[in-house]
Amino acid sequence: MEPTVTDNIQGKLGHSELVSSRRSSIGMMAARWSSKLDFVRVTLLVGILLYIMVLVVPLFLGFYYSLTNLNPLYPDSDFIGLENYANLLDDQNFEQSLKMTAMIGVSVTLLANVLGLIIALLLNHQGPFYAFLRTIFFVPQVLSAVIVSFIWSIILNTRGFLNRVLLDTGIIEKKIIWLGLPDLAFKSLVLVIAWQMLGFCVVVYLAALQGVPKQLHEAAKIDGANFLQSFRHVTLPLIAPGVTINVVLMLIMTFKLYDQVAVLTEGGPAGTTETLSYYIIRTGFTVNQTGYASAMAVVLFLLMASISGVVVTYLRSKEVEH
Amino acid sequence: MTGKFARIGFSLLITIVYAMPLYLAFVNVFKTQEQITRRPIELPAPFTLDNIETVIDRPDNLLFEGLKNSFLITSISVIFLNILSAVIGYYIARNDNVYTRIILLCFMAGLMIPPQVILIPIAQLFKALGLMGTYFALILYFSGGGLLSFGVFVYTGFIKTIPRELDEAALIDGANSFQLFWRVIFPILRPATATATIFLSLWIWNEFLIPLIILGPSQGVTITTGIYSAIGQYTIDYGQMFALMFLSSLPMLLFFFAMQKEFISGLTSGALKG
């Protein structure tokens, strides 16, 4: 008897305790939630939702589109599996645009970084004169790629400034078609893009050079190192973070190359200067093959992810602490 | 001594060659069409403001319409981006756990994604929501995409250097999270805000492809898409082209010359510490 009573009492007690503790836990949770829904958390939530809507959802949606024959001109679209990807393998325009993107990327990265480093070494000097010259190299960074390209298109087009000056000075006898022949058009594009990127590289290398301690150069000199040796073994390892950032930014730039192509060549002549990004936009929005263009966009994404992964890992391994 | 002069001479020469296109773009604003085509390199003689007047008096009001739209889109997006990324950066820097690390990683991944990858699906998405062709959609895109990643990147790095005791002191004084953030934290973030504002304004102002696609050809223009469509129409009139390009770049150039130190230190600190 006794045990059952106590059991009962204990049971009742336990029950009521449970109820009250549940009540208080609900109350506490509500209180905690209302205190959690403060300014910082609400704004955080808005930011993350916006990011999901603008970036994450489209990323997956694009992958889904790449498996369909979606075309806004037709009401229905079908799931066609990997057909778009199979078609890419036979698409000569796609192959050409991949090649062009790689060639522009490598040429611009080399040109802008090598010249940028040389110019930075030259301008890495005290005084208002050098400060003024450094400012000039920064100005193209402030201009839009569209405007830079239009300036250069006035210089480079057949009746443009460059031909005028070359004819007047007697250097050439016949006008040169800078933007209308495949090989020259490619070189002109590289020149224009490298010109704008060069200024960026100069600024980054100048900042990196400021961080190289003078004593190290003096020590190298005492050890009998000449300028090139001291540059190779002292300067270069110390400005490696600058190299990393410049190369990575050139990569990002290469993968989204559109404006300069649109203004200077429109992908011509005969599609030879079409970059991958330009081809994607043309296929997606002018030719209206949304599904097919999405398949190319997926390839662009995978290329970008793998190449930048490899490049960043390699360059980071070359950096040293001092 | 000769070394010093050789260095000065060589630096000057390289800079002059480099600056040639900038010089041409500037000096030809003030020349007549005839002088531009005949003698592109020479200084203006006669000096004329006709090109500038023609651009300002254009019947379609392209310059001011474009500047106004670009200014509104850029400033609204930059304000949103600063608020969102400062708060996200603050939360991530102050709550170091598995979740915030994943969130940070997701934001960092967004830094590298080319806009072409998401432009096609986002256009479909905006179309389905009836937002295609609106400034609202454009601002939404700028405030939530890869630029938000950049903002979060800048602020998170900076906030990690600010001691936590500051927050705690403010909380003990009874500040709520809104007051704590705006009165205590945000004012100290000035250098990060300067860097983020400079870069985000520059990128949004100069962006071409995104407004071209989202606003569409006839829906109204930003300064870059406006120039692109206008120059297609009178490619021969170089004087007017140069005047249009000069006047439309002027706001950013003035911004740059006014804040040159911040521009360069922002660029280099952002770039080298990344």
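The points below take up chain B, one of its helices, and a pair of helices in chain A.

1. The model is predicted, and the remarks that follow should be read accordingly. Chain B contains 15 helices and zero strands.

2. As to dimensions, the C-alpha trace of chain B spans about 70 × 65 × 35 Å along its principal axes. The accessible surface of chain B is about 12600 Å², and carbon and sulfur atoms contribute 69% of that area.

3. Chain B has 274 residues, of which 51% count as buried. Among the contacts in chain B with a separation of 6 or more, 69% join residues 24 or more positions apart.

4. Helix α11 of chain B covers residues 190-206, 17 residues in number. From first C-alpha to last, α11(B) reaches 24 Å, close to the 24 Å expected at 1.5 Å a residue. This helix is mostly covered, with twelve of its 17 residues buried. The buried residues of α11(B) include F199(B), W205(B) and N206(B).

5. In chain A, the axes of helix α11 (residues 240-255) and helix α14 (residues 290-317) come within 10 Å and cross at roughly 170°. Because an angle over 145 degrees counts as roughly antiparallel, α11(A) is roughly antiparallel to α14(A).

6. The contact between these two helices involves V243(A), T244(A), V247(A), V248(A), L251(A) and F255(A) from α11(A).

Note on methods
Residues numbered from 1 in each chain as written. Chains lettered and ligands numbered in written order. Predicted model: local features only at pLDDT ≥ 70, side-chain atom pairs only at ≥ 80, totals over all residues. Heavy atoms only, no water. Axes fitted to C-alpha atoms, helices over the stretch in contact; angles between N-to-C directions. Helix = DSSP H or I, 4+ residues; strand = E, 2+ residues; numbered from the N terminus. Parallel < 35°, antiparallel > 145°, perpendicular 65-115°, else oblique. Contact = heavy atoms within 4.5 Å. Buried < 20%, exposed > 50% of the residue type's maximum accessible area, 1.4 Å probe, protein only. Areas by Shrake-Rupley, 256 points an atom, 1.4 Å probe, with all protein chains shown as cover. Expected span 1.5 Å × (residues − 1).
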